[in-house]
There are 2 protein chains.
Amino acid sequence: MLRILVAFVMVAICLESYKTVKAESGNEYTLESARTSLVRQEDTIIFGLIERARFPINSPTYNQNNISIPHFFGSLLDFLINDTEAIQAKAGRYVNPEENPFFPENLPASVVPHYPFPQFLHPAAALININKSIRKMYLDELLPMFVASGDDGNYAQTAASDLSLLQAISRRIHYGKFVAEVKFRESRKDYEPLIRAKDREALMNLLTSKSVEEIVVKRVGKKAMVFGQEVSVDGDVKGNKYKVDPSVVSNLYQKWIIPLTKLVEVEYLLNRLN
Amino acid sequence: MLRILVAFVMVAICLESYKTVKAESGNEYTLESARTSLVRQEDTIIFGLIERARFPINSPTYNQNNISIPHFFGSLLDFLINDTEAIQAKAGRYVNPEENPFFPENLPASVVPHYPFPQFLHPAAALININKSIRKMYLDELLPMFVASGDDGNYAQTAASDLSLLQAISRRIHYGKFVAEVKFRESRKDYEPLIRAKDREALMNLLTSKSVEEIVVKRVGKKAMVFGQEVSVDGDVKGNKYKVDPSVVSNLYQKWIIPLTKLVEVEYLLNRLN
């Protein structure tokens, strides 16, 4: 309860500074720049999938209470995420509004000199973090689809790969905040009445472009083929054997990344006029 | 001095257990399995280069004493490597003899259940760690060759990308220990007299295969083209523009990775009969 109250007070403070800087910050993000970023982020996610697939499932990484650290209850993955996020928070990672931690509680402050990231989003954006759902989807649904069974003992490397991949997927999905803000600024008169009416379904329809989604799903499948192939020196493609099944990558986008991004967009828009 | 003494005592203890398990451990590593691993590690290194190239140089990541952490003197990158390695050490990363830390001093012990990694190497392998040279090569020579100038404020993400890439390059170079052991076991009678004579040059010649090196250098350039291209949904290759210049990747292998791997091989062999 206290945490929610503190968050709202912080949002109120940010809202004031947001109003002040909005005029100067301009359009650092455009539909074109957002599109370019999303396309580039696809490569990062596919590289991450291929790198995680180097290791088998390595289930001791995910078993609860498999490690002996006083006062820590959770899996090795939880431990590694929690402690690595703390280091990266000190190094300033979460000062960039494109980044969202998996364990936002008790993160230490940044120790690096302040960098003036553009204040492009409405301050309510800071309250939107669906990493719990992303983590659950990743562990329960995605991982079993693309990693082999087995145990090779490389639990730390496995957890580090998981974290990199989770961060890439999380960044992609929460980028919905920027996409929604760009769309809102471009068609304010279309969005405002739907936001005031809190009409989730109509907002979802307005921001959905089926044809764009189909291209994305096809493109990531194609990228999985290109990046996951065996490359030989004579340039022959040794087709049909990919390091991660391209249909898994297309599925990941179709079933989870695109719908969750749109969920973030709708959540953001519903708070856009606060 | 004390550290060196402790290290030698540890090696002596390991040597005993090595002699005991050698017979059972068999040939988990072969020339074929080593080759397969090295080829796969090329992908990891190239993905790492492409991912690091997402960010400009971001020089505040490397400036000395740019961060305010009590009792810590060094760059943000040093801080991130030091603390991340400590977490990964707890998670058991360095129990696997394929892994070598950048800051081996004061690493905490593993807290995960013991995994029986094969004891394939001679125990003297544990003393060979050229990460200081790798780190220097990376910062002074490699980075300026493939990242753009500029500062986008993503210092934590930059340092995390640096660490992943450094770990991949380090693993590849120190894999020379396994390559040397495989070669030694295959041609013991050729290696033994050269080792006893401490003839570095003759050892270097014996383990060098110019034709294999040429194939590797060509293949990594080719991989950089494949993995670093823009992929469009219609399958057309939008050639000529790569995320990392393929000649940088070939150069990295030719000038540093291959020579440093061979340096590790020679160092390992010189200690092989101790």
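## Helix packing and the A–B interface in a predicted model

Me: In this predicted model, at what angle do helix α2 and helix α9 of chain A pack, and how are they described relative to each other?
Reply: Helix α2 of chain A covers residues 31–52 and helix α9 of chain A covers residues 210–227, and their axes lie 10 Å apart. The angle at which they pack is about 45°. Angles under 35 degrees count as roughly parallel and those from 65 to 115 as roughly perpendicular, so α2(A) and α9(A) are oblique to each other.

Me: Which residues of α9(A) meet α2(A), and how many residues of the contact are charged?
Reply: From α2(A) come A:Arg35, A:Val39, A:Glu42, A:Asp43, A:Ile46, A:Phe47 and A:Ile50, and they meet A:Val216, A:Arg219, A:Val220, A:Lys223, A:Ala224 and A:Phe227 in α9(A). By class, the residues of this contact divide into eight nonpolar, no polar and five charged.

Me: Which residue of chain B forms a salt bridge with A:Asp43?
Reply: A:Asp43 belongs to helix α2 of chain A, and its partner sits in the loop between α9 (210–227) and α10 (246–270) of chain B, which makes this a pair that crosses between chains. The closest N and O atoms of the pair are 2.6 Å apart, and the partner is B:Lys243.

Me: What is the count of salt bridges between chain A and chain B?
Reply: Over all chains the structure holds 40 salt bridges. One that joins the two chains links the side chains of B:Arg40 and A:Glu51, at 2.9 Å from N to O. Between chain A and chain B the count is four.

Me: How many residues of each chain are in contact, and what area do chain A and chain B bury between them?
Reply: The contact involves 51 residues of chain A and 51 residues of chain B. Within chain A, A:Ile87, A:Val231 and A:Val233 lose the most area to chain B, and together they account for 13% of what that side buries. Of the area buried between the chains, 66% is on carbon and sulfur atoms, and the total is about 4500 Å².

Me: Are α5(A) and α6(A) roughly parallel or oblique to each other?
Reply: Helix α5 (residues 155–174) and helix α6 (residues 176–186) of chain A have axes 4 Å apart and pack at about 15°. The contact is made by A:Arg172, A:Ile173 and A:His174 of α5(A) together with A:Gly176, A:Lys177 and A:Phe178 of α6(A), and these residues divide into two nonpolar, two polar and two charged. Since angles under 35 degrees count as roughly parallel, α5(A) and α6(A) are roughly parallel.

Me: In chain B, what is the handedness of the crossing of α3(B) and α5(B)?
Reply: Helix α3 (residues 76–90) and helix α5 (residues 155–174) of chain B pack at about 60°, with their axes 9 Å apart, and they are therefore oblique to each other. Among the residues that meet are B:Leu80 and B:Thr84 in α3(B) and B:Ala159 and B:Leu163 in α5(B), in a contact that has 10 nonpolar, three polar and one charged residues. The crossing of α3(B) and α5(B) is right-handed.

Definitions and conventions: Residues are numbered from 1 along each chain as its sequence is written. Chains are lettered from A and ligands numbered from 1 in the order in which they are written. This is a predicted model: local features need pLDDT of at least 70, side-chain atom pairs count only at pLDDT 80 or more; totals for chains, interfaces and linings use all residues. Side-chain values use heavy atoms; hydrogens and water are left out. Axes are lines fitted to C-alpha atoms, for helices over the stretch in contact, and angles run from 0 to 180 degrees between N-to-C directions. Helices (H or I, at least four residues) and strands (E, at least two) are DSSP runs, numbered from the N terminus. Angles under 35 degrees count as roughly parallel, over 145 as roughly antiparallel, 65 to 115 as roughly perpendicular and the rest as oblique. A crossing is left-handed if the near helix is turned anticlockwise from the far one by less than a right angle, and right-handed if clockwise. Contact means heavy atoms within 4.5 Å. Ala, Val, Leu, Ile, Met, Phe, Trp, Tyr, Cys and Pro count as nonpolar, Asp, Glu, Lys and Arg as charged, and the others, Gly among them, as polar. Buried area is the accessible area (1.4 Å probe) that two parts lose on being put together, summed over both.
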